[in-house]
Amino acid sequence: MAPVRRPGVLLTTLCLLTAVALSATACASGTDDAVTTSSAGVSPTTVSARSVSEGELRSFADDLLSSTGAERALVAWVEGDADPLVVAAGEDVQAGASFHVASITKSFVAAALVLLDADGTVDLDDPIATYVDWPCGDAITVRQLLDHTSGLGPFGNPGDGQEDGTGSRYLELVQRGGALTLDEVLAATRDIAPTDEPGASATYSNLNYVVAGAVIEAATGEDVGTVLQERLFDPLGMDHTWYPPQGPGDADPLPGLYELEPDLDPLPTTAFDMEPWRTVAAPAAGAVSTLDDLLRWRDAILREQSIDGVDVSAMTQIGPGGYGLGVAGVTADGACIFEGCPPGQEFTRWGLNGDIPGASTRVLYDPATDATLFVYLDRNALSLDEPTLAFLEA
């Protein structure tokens, strides 16, 4: 999820992270304990989804607004091929509204790379040094970027400038203001220290997808936005999904509330420029979409597992670390990739999660019942695993 709450952001000048030299050990290949991609352990649909009424869904939306302090909510329930049941609650929100989808952008980037692998433009098991100049690039594969097993350090995630008392590199870049280019972000993040050897463990980091965006651009000669539009959005009819920076034809996303610190009143996102937030980790968190487009996306990657005739089922093969390729595995307690998954977890559902100032979005899919719960709230840094799983299982 990106970004996480940080004390005093936008109020003080943050320090640079101390440059840390990458050690030879950190660049080594994974050991026998390396995380490998495995099946999510889900079976074809065998159980009917429970019936949900509009009143029940509206009560759920109202409860979310009350418990989180959000002002706007969109919630939807979909059973199989049926039309979605949609409720819009709170202040001035319509079912067709555009909103920031944050880390759901990762699933777009992962899908694009799966398609590029299928046509031979990229090999997911190539070292990233084949495409980009990056520290330890000979030891990290493209696939390890996508499933967060590369060992790359935190960037806009827990541990980013927190534990060592230095500032967050992510927020320092945001405070530059204006749109940031991918090259600017790559140059500013090369020296972020790794957390582990490549392939040894799964650690969620936006930096994986920043580098993955660079792989797309190097392999295709096109910018990330063009590739996403041509390979994903156009074929799937996702006409209201866009990737930053915002162009003149792109709809303004809903404003929201940014919680700077737990004890402070949240700041409206209309009070500051969202462009640096969209672009600081654009391939990881920058896209804007709508409910209808995200349901088309769910159909493609979670239900049909095919885009423009290409098999993308690898996206939902969840590794022991709790992540596939742009898709989180969900246990009975929620998605564990963000905190670290205990050994032996069973991932029975799939999730697309996103958080950015002013927006929290969840797409929770249960392949056993072919049921989907969608939630958008106009406030970030929300813990939504418990209420969404409770609703799904009620």
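Buried here means under 20% relative accessible area, exposed means over 50%, and partly exposed is in between, with a 1.4 Å probe and protein chains only as cover. Helices are DSSP runs of H or I with at least four residues, strands are runs of E with at least two, and both are numbered from the N terminus.

Now the ground rules. This is a predicted model: local features need pLDDT of at least 70, side-chain atom pairs count only at pLDDT 80 or more, and totals for chains, interfaces and linings use all residues. Residues are numbered from 1 along each chain as its sequence is written, and side-chain values use heavy atoms, with hydrogens and water left out.

The overall picture. The protein has eleven helices and 13 strands. Of its 394 residues, 57% are buried. Take contacts, meaning heavy atoms within 4.5 Å. Among those with a separation of 6 or more, 70% join residues 24 or more positions apart.

On to helix H6, residues 206-220. Is H6 mostly covered or mostly open? Covered: eleven of its 15 residues are buried. They include Asn 206, Leu 207, Tyr 209 and Ile 216. What covers them? The cover includes helices H2 (105-118), H3 (142-146), H4 (169-174), H5 (182-189), H7 (224-236) and H9 (282-285).

A length check. The expected span is 1.5 Å times one less than the number of residues.

Now the ends of H6. Ser 205 caps the N-terminal end, with a side-chain oxygen 3.1 Å from the backbone nitrogen of Leu 207. Asn 206 sits in H6 and has a relative accessible area of 0%. The side chain of Asn 206 reaches the backbone oxygen of Phe 155 at 2.9 Å. Such a polar contact is a pair of N or O atoms within 3.5 Å; within protein, one must be able to donate a hydrogen and the other to accept it, and residues adjacent in sequence count only if both atoms are side-chain atoms. Just after H6, Gly 221 takes a positive phi of about 75°.

Compare helix H11, residues 385-393. There, Thr 388, Leu 389, Phe 391 and Leu 392 are buried. Their directions fall within an arc of 160° seen down the axis, so they line one face of H11. The arc is taken from the directions from the helix axis to the C-beta atoms.

Last topic: charges. A salt bridge is a side-chain nitrogen of Lys or Arg within 4 Å of a carboxyl oxygen of Asp or Glu. How many does the structure hold? The count is 14.

One is Arg 143 with Asp 125, closest N and O atoms 2.8 Å apart. Arg 143 lies in helix H3 and Asp 125 in the loop between H2 and H3, so the pair ties together parts 18 residues apart in sequence. Arg 143 is partly exposed at 23%, and Asp 125 is partly exposed at 47%.

Another joins Arg 379 and Glu 259 at 2.9 Å, N to O. Arg 379 is in the loop between strand E13 (371-377) and H11, and Glu 259 is in the loop between strand E4 (257-258) and strand E5 (267-268), 120 residues apart. Are these two buried or exposed? Both Arg 379 and Glu 259 are buried.

Finally, a network of salt bridges links Asp 81, Arg 298, Asp 299, Arg 303 and Asp 370.
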